[in-house]
Amino acid sequence: MRVSFRYVCRCCGIRIAEFDDTRVTEAQLGLDSLTSEERALIITKEPEGDTVVSITCAYCREALDLHPELSLVGNPLQ
């Protein structure tokens with residue numbers, strides 16, 4: 001079974017990166033340093049076992065920095 005770590009933008013949904021080598025660990029990606037609250041906000045597990053990490057891509061970060069009011073909308077740049 002292939003297990004991957006996938007990083008997606010929480011705003012626009014674009015796939016930022018994916019690691020599908022089973023030798024990659026949460027510790028190598030720095031995910032082990034997150035608090036349980038942070039983990040609950042950004043990490044989800046898919047039924048197949050894949051881990052999805054929701055972060056903000058550079059394009060959306062720039063848009064949010066220029067227009068902070070967009071953060072009040074659920075999916076501002078979708």
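Student: In the hairpin of β3 and β4, which residue takes a positive phi?
Tutor: That residue is G49, with a positive phi near 105°. The hairpin has five residues between the strands β3 and β4. Please keep in mind that this is a predicted model.

Student: How do β3 and β4 pair, parallel or antiparallel?
Tutor: Strand β3, residues 43–45, pairs with β4 in the antiparallel sense, and three bridges join the two. As an example, K45 has T51 in β4 as its bridge partner.

Student: And how many bridges join β1 to β4?
Tutor: There are five bridges between β1 and β4, and these strands run parallel. Strand β4 covers residues 51–55. Within this pairing, R6 has V52 of β4 as its bridge partner.

Student: Let me step back. How many helices and strands are there in the protein?
Tutor: The protein has two helices and four strands. Read from the N terminus on, the order of the elements is β-β-α-β-β-α.

Student: What is R6 in contact with, leaving aside its neighbours within four places in sequence?
Tutor: The residues in contact with R6 are R15, A17, E18, E46, D50, T51, V52 and V53.

Student: Which residue meets the side chain of R6 in a salt bridge at 2.6 Å?
Tutor: That is E46, with 2.6 Å from N to O. The two residues lie in distant parts of the chain: R6 belongs to strand β1, E46 to the loop between β3 and β4, and they are 40 residues apart. E46 is partly exposed, with a relative accessible area of 27%.

Student: What about D50, how far apart are the closest N and O atoms in its salt bridge with R6?
Tutor: They are 3.7 Å apart. This pair also links distant parts of the chain, as D50 sits in the loop between β3 and β4 and R6 in strand β1, 44 residues apart. D50 has a relative accessibility of 5%, so D50 counts as buried.

Student: How many salt bridges does a search of the whole structure find?
Tutor: The search finds six salt bridges. One of them joins R61 and D65, whose closest N and O atoms are 3.3 Å apart.

Student: Why are R61 and D65 separated by about one helical turn?
Tutor: The reason is their spacing: R61 and D65 are four residues apart in helix α2, which spans residues 58–66, so about one helical turn separates them. R61 is partly exposed at 38% relative accessibility, and D65 is exposed at 51%.

Student: Which residues do salt bridges with shared partners join into one network?
Tutor: The network consists of R6, E46 and D50. R6 forms a salt bridge with E46 and another with D50.

Student: New topic. How many aromatic pairs are there?
Tutor: The count is one aromatic pair. Its members are Y7 and F19, with 6.2 Å from centre to centre and 85° between the planes. Planes over 60 degrees apart count as edge-to-face, and this pair is therefore edge-to-face.

Student: Where in the chain are Y7 and F19?
Tutor: Y7 is in strand β1, residues 5–9, and F19 is in strand β2, residues 15–19. They are twelve residues apart, and the pair links distant parts of the chain.

Student: Finally, what share of the 78 residues counts as buried?
Tutor: The buried share is 24% of the 78 residues. The protein exposes about 5,300 Å², and carbon and sulfur atoms supply 55% of that area.

Student: And which share of contacts between residues at least 6 apart in sequence joins residues at least 24 apart?
Tutor: The share is 44% of those contacts.

Methods: Residues numbered from 1 in each chain as written. Predicted model: local features only at pLDDT ≥ 70, side-chain atom pairs only at ≥ 80, totals over all residues. Heavy atoms only, no water. Phe/Tyr/Trp six-rings, centres within 6.5 Å; stacked < 30°, edge-to-face > 60°. Pairing = 2+ DSSP bridges. Buried < 20%, exposed > 50% of the residue type's maximum accessible area, 1.4 Å probe, protein only. Contact = heavy atoms within 4.5 Å. Areas by Shrake-Rupley, 256 points an atom, 1.4 Å probe, with all protein chains shown as cover. Salt bridge = Lys/Arg side-chain N within 4 Å of Asp/Glu carboxyl O.
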